Amino acid sequence: MSVGYLIEDATVLTMDSTTGASPVTRSIRVRDGEIVDISGALERLDGDTVLSGRDRLVVPGYVNAHTHSWEGLFRARLDNLPLEHWMLLSYPVLGLAPLSPDLIRLRSQLVAIESLRNGVTTLVDDVLEIPGQTEDQLAAVFEAYRDIGIRANISGHVMDRPFVDHFPFLADALEPDLRRELDALAVLGGDEYLAYARAAAERYRDYADGRLRFMLGPSAPQRCTPEMLVGIDDIAKDHDLEFHIHVLETRTQAVTAGEFYGKTMVEYLHALGVLGERVTMAHGIWVTDSDVAVLADTGTSVSHNPISNLKLGSGIAPWRKYLDSGVNLGIGTDGMSSSDTARMSEAVKAAALLHKVTGPDYRQWPTAQEVLTAGTLGGARSARLGDTVGSIEVGKRADLVFYDMNSLAFTPRNKPELHLVYSENGSSIETVMVDGRIVLQDGHLTSIDERAVLDELQARGPELRQWQDQLETLNRALLPAFDRQYTAAMNRGVAVDRYSGRGECWLN
Ligand SMILES: [Zn+2]
C-alpha cells in the first residue's frame, strides 16, 4: 500500500539552489518515502495523510557529518586535555576487552535518540571499536539504527600501524617497561581488514531500503599503512562508499606530517592518489593554502567539528578559505566525549559563532545560509548522499523536521532561519520524518521505548564507570610520556597558525 503525506502550507527552508535558507510557504507531497511534489498549494489526493504546516517550520534534517558512537558511554568524563592525551583516556590502548554487541546496541540507541530529538536524520558514524571491530559488533550498530529508523553511514574504523608509530616523538619519550607493553599490543593485519571491509560493503548494500550503508574509516594517515589507505580507496571506489579519515586535527599532526613524510598530510594523501569526491576529511584544521587548493581540485570534502575543536583546543579550521576555494563543508558534532553532545543544533551554532572572532571583517563571517547548508546539504554531499537527502526537492527522500514556531525558541517570531541557527535547541521539534516514515511525533519516538533505553543505561552506570575507571587508571601511566612528546611537537615549527584563526580572514 502506498504511504503518503501531504504537508500543507508550511514555512519551509528548502536548502535547495533556488530559495536555500530563505523561508517560503510551501505544500509538500510525500509518496513511499520520496518527495514527489512541492508547490505553493497542492490539492488533497486519495492516500494523503494531511499534516498541517500552519505555524510549523519544515526543514531538511541535519546531517551529522562526523561522529563516533563509541563515545556515547564516555560523555562528561574528561576535560582540559588535548586530542592525543584525551584519546588515550577515551579510546584506551592498555587493558582492553571487547564490548558486547548488547551494550553496543544500547550505545547506538542512545546516540540515535539524542540525534533524532535534535533534528538529525543522518549520522556519519565512524565506529571506532577497541581493540577492534567484529562482525557482530558492526551488526549491532546496523540493527539499532535500522530499528530506530535513522539514516546512517556506519564504518569499521581501522588503524594498522603499531600504536607507538602513530607519533613522531613517543618512542623516545616512553619508559622502557611501558614501551614493551605497547610493543606487545596486537596489530591488525591489513589484508584481514580489507577482506572484512569488502565483505561488509557487500553485506550491507541496500540494507534497510538503502538507508544504512557501510563506510570506510581509515583512522588517519599516520595511523594506517599506505597499503591500507590504497586498499580502502579501491573498496570505496568499487562500492561508491564514503572514505572517512581524520586529517590535520591538531598541531601535533601537522608536525607529524613533516617528520614522517617531509610534506603535509594532504600532499601525502594526494601523492598516494586517494583524495577525491568520495573522501571526507574530518577536521582539516592545520592545512596550508596549497592544501586547500588540492582539496578543492580533487573534490574532497571536509567535516568541520567546531565544538570538539574548541573542547580539545585543537584550533580553528579555515572556514572562509574553504568556502572561497569551493571545498564542500559538512558540520559534525564529533563524538560524545570530545563534544559531550550529539546535538547538531549546537555544532551549527558554534560554527556560526566561532569564525566571527577570527577577524574584524564582518563581511567574511559565516551566514545562516552557509552554516545551515553545511549542516544539511554539505553534510549530505560529504556522505555521498547529495542526490538523496540534504534539501527539500522533488525526487529526494523525505527526511524532514517540523519545528513548532509557537514554542519559546521562536517567540516572538522573527527570521525563522536565524531562530533555527541561534535560538532553537531541539525543544521546538514536533515531528521528525526519515525516509517518509514518522520516527518522532508530538515529541515521542515512535519506533523505540526511549525510557527503557535510558533506564537500562542508568542501571548499568555503576558497572560502566567501574570499567572506565579501571581503564583510565591503567592508561594514565602513559600520560607523562604523552606530555613529553606533546612538548617536543610544540617546539617544532609549522607553516600555519590555526590557534588564533589569523590568516583566515584577518585584514592584513
Ligand atoms: Zn573523530
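**View 1. Zinc site of the predicted model.** His66, His68 and His246 each coordinate the zinc ion through NE2, at 2.0 to 2.2 Å. Donors are N, O and S atoms within 2.8 Å of the metal (3.2 Å for Na, K and Ca); water is not among the atoms, so sites may look incomplete. The donor spacing in sequence is H-x1-H-x177-H. Histidine 66 is buried at 0% relative accessible area. Histidine 68 is also buried, at 5%. Buried means under 20% relative accessible area, exposed over 50%, partly exposed in between (1.4 Å probe, protein chains only).

**View 2. The largest nonpolar core.** This core holds 137 residues; Tyr145, Tyr193 and Phe214 touch the most other members. Such a core is a set of buried Ala, Val, Leu, Ile, Met, Phe, Trp, Tyr and Cys residues joined through side-chain atoms within 4.5 Å. Helix H2 (residues 101-117) gives the largest share, 8 residues. Domain 1 (4-60 + 400-445) and domain 2 (62-382) both contribute, so the core lies between them. Domain bounds come from an automatic or database assignment.

**View 3. Helix H9 and its cover.** Met265, Val266, Tyr268 and Leu269 are the buried residues of H9 (residues 265-272). They fall within an arc of 160 degrees seen down the axis, so they line one face of the helix. The arc is that of the directions from the helix axis to the C-beta atoms. Helices (H or I, at least four residues) and strands (E, at least two) are DSSP runs, numbered from the N terminus. Glycine 273 follows H9, with a positive phi near 80 degrees.

**Notes.** Residues are numbered from 1 along each chain as its sequence is written. In this predicted model, local features need pLDDT of at least 70, side-chain atom pairs count only at pLDDT 80 or more, and totals for chains, interfaces and linings use all residues; side-chain values use heavy atoms, leaving out hydrogens and water.
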